[in-house]
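Please read the points below with the model open beside you. They take up strand pairing, confidence and backbone angles in turn.

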Amino acid sequence: MIALEIHICDQRRSYTARFATEDQALTFLTVRGMTHAFHEIKAEPVDWAAFPRLYDYLYPECEHGMRGDCYGPQHYYMTDDERRHAGW
Ligand SMILES: [Zn+2]
């Protein structure tokens, strides 16, 4: 079972969706991806080892080959001061 929090952006509300299979979840995310946001539910963590394709979809590798939020060339967020030193 895969549980995800689905956030409907233009309605500013969320609900929990549960999927029996990885394919079901991927189909749902592909169809709704333009208008909905998806979050892992802390209380119902997904067994990512069992659903590697879903993991790749939700946490794509950035150009640095890392997961999670990418803040640009250095991947990590830089302070304004660091940004000035870097020249941008
Ligand atoms: Zn990155």
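1. Two strands are taken to pair if DSSP finds at least two bridges between them. In this predicted model, I6 has F38 as its bridge partner in β3, and strands β1 and β3, the latter covering residues 36–40, pair in the antiparallel sense over five bridges.

2. I6 also has a bridge partner in β2, namely Y15. Strand β1, residues 2–8, and strand β2, residues 13–19, run antiparallel and are joined by seven bridges.

3. The hairpin of β1 and β2 has four residues between the strands, and within this hairpin R12 takes a positive phi near 50°. R12 is not a glycine, although its phi is positive, and its place is in the loop between β1 and β2. Because R12 has 7 C-beta neighbours inside 10 Å, it counts as exposed.

4. A positive phi is also found at H75, a residue other than glycine, where the value is near 75°. H75 lies in the loop between α2, residues 52–58, and α3. With 15 C-beta neighbours inside 10 Å, H75 counts as partly exposed, since that label applies between the limits of 12 or fewer for exposed and 20 or more for buried.

5. Where in the chain is confidence lowest, and where is it highest? The lowest mean, 80, belongs to helix α3, residues 80–86, whereas the highest, 94, belongs to β2. For the chain, the mean pLDDT is 87, and 99% of the residues reach 70 or more.

Technical notes
Residues numbered from 1 in each chain as written. Predicted model: local features only at pLDDT ≥ 70, side-chain atom pairs only at ≥ 80, totals over all residues. Helix = DSSP H or I, 4+ residues; strand = E, 2+ residues; numbered from the N terminus. pLDDT = per-residue confidence, 0-100.
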